[in-house]
Amino acid sequence: MRVFNFSAGPAVLPLPVLEQARDEMLDWQGGGMSVMEVSHRGKAFVAMLAQAETDLRSLMGIPSGYRVLFLQGGATGQFTAVPMNLASAGAVVDYLDTGIWSGKAIAEARRFCTVNIVAEESASGYTTVPRADSLRFTPGAAYAHYTPNETIGGVEFPYVPDTGGIPLVADLSSTILSRPLDVSRFGLIYAGAQKNIGPAGLVIVIVRDDLVGKARSGTPLIWDYALMAKEGSMLNTPPTFGLYIAGLVFRWLKAEGGLEAVGERNRAKARLLYDFIDHSGFYRSPVAPDCRSWMNLPFRIVDPALERSFCALAAEAGLVNLEGHRLLGGMRASLYNAMPMAGVEALVAFMREFQRRYG
Ligand SMILES: *Cc1c(COP(=O)(O)O)cnc(C)c1O
């Protein structure tokens, strides 16, 4: 039996995608083999990947001056690849520090260049984002990096920072494809697939042409954007099954009405849960109201001693993986694209009943 899976990642995938993958498992495109068993350089696979890129480009409205790269090593690999590709050894780079994932990106960048912290939200316990008009970027910085959605803290920027021409780099792992986005505001976007795209093992990089071809010497071949662009992301064997599933997810998103429609649904899902939490007098959201994530919604019970049994009883009711991140505790409901409204309604009904019994 399928459950409602609120995991932050790897995460829920759309049921029609899983069903199609099941149906094609033994015989993909009439070849008598699964997609995992065919050559990545074969005609069928190359055409499938080209279609996946076309679909992603049309979904996100990616302008023609951008390359789309399908890489490996996760978003964590990009913590390294970004400074190696975009900044020379002596360069200054700007970072916004808004939580655990941006903190990890900063620690890695410090191994490669001089990091200037433009904003730092530790005073609030990383429950806020900086005000747009408070950001002072470093003139001449090689790039400015931020994490639009902090998957663990549940903090999301309600705006795209204006860097005044410095290339803006975004770790979009947990919010890519959740709503429309103006890609032309960015120099580079990267996103691990296992949150809102597909299985783990694939990371997507969308990079503006003028930022490709500047990798410092010593950059690993598989993370050199220029080489990977030249080879069509096929310098070596790509994660073929992950690419296949990602392609199915892009098609599913188009059938769902594209990012405008999906974004409206995501907004409604998040609003339903936040509204219930805020009016319950029993649950609370730790995040400032103006920067609450639509994708990852942490919450607490006013009496934290009840949280363990909350998660256990929820799991018995088919609402699984609601435990908060091990560093923060509490609960977290991740409402990625593939989580239907029915899942959020079931969660709210369970929370109401739990409160009635234990509140
Ligand atoms: C999950 C996540 C990462 C880490 O992804 P890996 O694929 O495990 O390297 C980095 N940044 C954000 C925002 C994430 O949500």
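**N296 and its side-chain contacts.** I began with the side chains of N296 and S334, which are joined by a polar contact of 2.9 Å; by polar contact I mean a pair of N or O atoms within 3.5 Å, where within protein one must be able to donate a hydrogen and the other to accept it, and residues adjacent in sequence count only if both atoms are side-chain atoms. The model is a predicted one, in which I took local features at pLDDT of at least 70 and side-chain atom pairs only at pLDDT 80 or more, while totals for chains, interfaces and linings use all residues. Residues are numbered from 1 along each chain as its sequence is written, and side-chain values use heavy atoms, with hydrogens and water left out.

I then noted that the side chain of N296 also makes a polar contact with the side chain of N149, at 2.7 Å.

**Strands β12 and β14.** I looked up how strand β12 (residues 296–301) is paired, and found it antiparallel to β14 over 4 bridges, given that two strands pair if DSSP finds at least two bridges between them. Helices (H or I, at least four residues) and strands (E, at least two) are DSSP runs numbered from the N terminus. One of the bridges sets F299 against M331 in β14. In a regular strand the side chains alternate between the two faces of the sheet. For β14 (residues 331–334) I recorded that both faces are covered, with M331 and A333 buried on one side and R332 and S334 buried on the other.

**The ligand shell.** Which residues come nearest to the ligand? Of the 13 residues around the ligand, I listed T76, T151, D171, Q194 and K195 as those, a residue being near if one of its heavy atoms lies within 4 Å. A polar side-chain atom of T151 lies 2.4 Å from a ligand oxygen, the side chain of T76 places an N or O atom 2.5 Å from a ligand oxygen, and for Q194 the corresponding distance is 2.9 Å. The protein buries 86% of the 390 Å² that the ligand exposes when taken alone, with areas from the Shrake-Rupley method and a 1.4 Å probe. Helix α3 (residues 74–86) gives the most to the shell, with 4 residues.

**Backbone entries.** I found a cis peptide bond between G9 and P10, with omega about -10 degrees, and placed P10 in the loop between β1 (4–5) and α1 (15–23). Q29, a residue other than glycine, has a positive phi near 55 degrees; Q29 sits in the loop between α1 and α2 (43–60) and is exposed, with a relative accessible area of 55%. N321 also has a positive phi, near 65 degrees, and lies in the loop between β13 (319–320) and β14, where I counted N321 as partly exposed at 40% relative accessibility.

**Cysteines.** I looked for disulfides, taken as a pair of cysteine sulfur atoms within 2.5 Å, and the count came to 0. C113 is buried, at 9% relative accessible area, and C311 is buried too, at 7%.

How values were computed: Buried < 20%, exposed > 50% of the residue type's maximum accessible area, 1.4 Å probe, protein only.
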